[in-house]
Amino acid sequence: MDKSRKKTAGSRGEEFYSRVKKYILDNKMTAPGESVAAGISGGADSLCLFMILLRISAELGIHLHAVHVHHGLRESAEGDLRFVEDLCRRYDVPCTCIRADAAARAKAWRTGVEEAGRRIRYEAFEQVRAS
């Protein structure tokens with residue numbers, strides 16, 4: 001590959017950021033003064049989303065609110081919750097953390113754990129939206 005055409009990780013990151021921001025603006029997904037809630041699990045994908053939305057929120061004047069759901073399914077989930085809380089505190093982003101027993105809810109709702117987890121997350125977002 002020609003060195004002049006080689007992209008650095010930083011330039012690919014900027015290109016990705018620009019594409020996401022353009023998509024949000026082109027599709028009128030938010031406006032200055034509005035709030036955006038983002039589900040942050042602590043995994044790589046949601047951390048990327050968080051960092052992009054953090055930057056976009058500063059540039060566009062929107063309010064970012066993080067939502068984290070502890071489904072009670074993995075021992076490492078407690079560490080994920082603390083990580084997300086610390087991350088949000090570091091960047092001064094409001095964070096709502098919900099603890100739920102997805103396995104018990106799945107049994108009560110007579111559904112699978114995945115579906116129960118999805119419903120719990122929807123409830124968490126609804127709780128944030130209503131507040």
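Which residue's side chain meets that of Arg129 in a salt bridge? Glu126, at 2.6 Å, N to O. By salt bridge I mean a side-chain nitrogen of Lys or Arg within 4 Å of a carboxyl oxygen of Asp or Glu.

Some ground rules. This is a predicted model, where local features need pLDDT of at least 70, side-chain atom pairs count only at pLDDT 80 or more, and totals for chains, interfaces and linings use all residues. Residues are numbered from 1 along each chain as its sequence is written, and side-chain values use heavy atoms, with hydrogens and water left out.

Back to that pair. Arg129 and Glu126 sit 3 residues apart in helix α5, residues 113–130, which is about one turn of the helix. Helices here are DSSP runs of H or I, at least four residues, and strands are runs of E, at least two, numbered from the N terminus. Arg129 is exposed, at 59% relative accessibility. Glu126 is partly exposed, at 38%. The scale is relative accessible area: buried is under 20%, exposed is over 50%, partly exposed is in between, with a 1.4 Å probe and protein chains only.

The structure holds 11 salt bridges. Take helix α3, residues 77–90. Arg89 and Asp86 both lie there, 3 residues apart, about one turn. Their side chains form a salt bridge at 2.7 Å, N to O. Arg89 is exposed at 60%, and Asp86 is partly exposed at 38%.

Now helix α1, residues 9–26. Asp26 and Lys22 are 4 residues apart in α1, so about one helical turn separates them. They form a salt bridge, with the closest N and O atoms 2.5 Å apart. Asp26 is partly exposed, at 47%.

There is also a network. Salt bridges link Glu14, Lys21, Arg55 and Glu59.

Next, the interior. A nonpolar core is a set of buried Ala, Val, Leu, Ile, Met, Phe, Trp, Tyr and Cys residues joined through side-chain atoms within 4.5 Å. The largest such core has 18 residues. Which of them touch the most other members? Ile40, Phe50, Leu53, Ile56, Leu64, Cys88 and Val93. Two or more residues come from each of α1, β1 (35–39), α2, β2 (63–70) and α3. Helix α2 gives the most, with 6 residues.

Look at Phe50. Phe50 lies in helix α2, residues 44–60. Is Phe50 buried or exposed? Buried, at 1% relative accessibility. Leaving out residues up to four places away in sequence, Phe50 touches Ile40, Leu64, Leu87, Cys88, Tyr91 and Val93. Contact means heavy atoms within 4.5 Å. With that sequence exclusion, Leu53 touches Ile24, Val36, Ala38 and Leu64. A second, separate core has 8 residues, including Val67, Val69, Ala100 and Ala124.

Last topic: cysteines. A disulfide is a covalent bond between the sulfur atoms of two cysteines. The rule used here is a pair of cysteine sulfur atoms within 2.5 Å. How many disulfides does that give? The count is 0. Cys48 is partly exposed, at 36%. Cys95 is in no disulfide either; the nearest cysteine sulfur, that of Cys97, is 3.6 Å away. Cys95 is partly exposed, at 28%.
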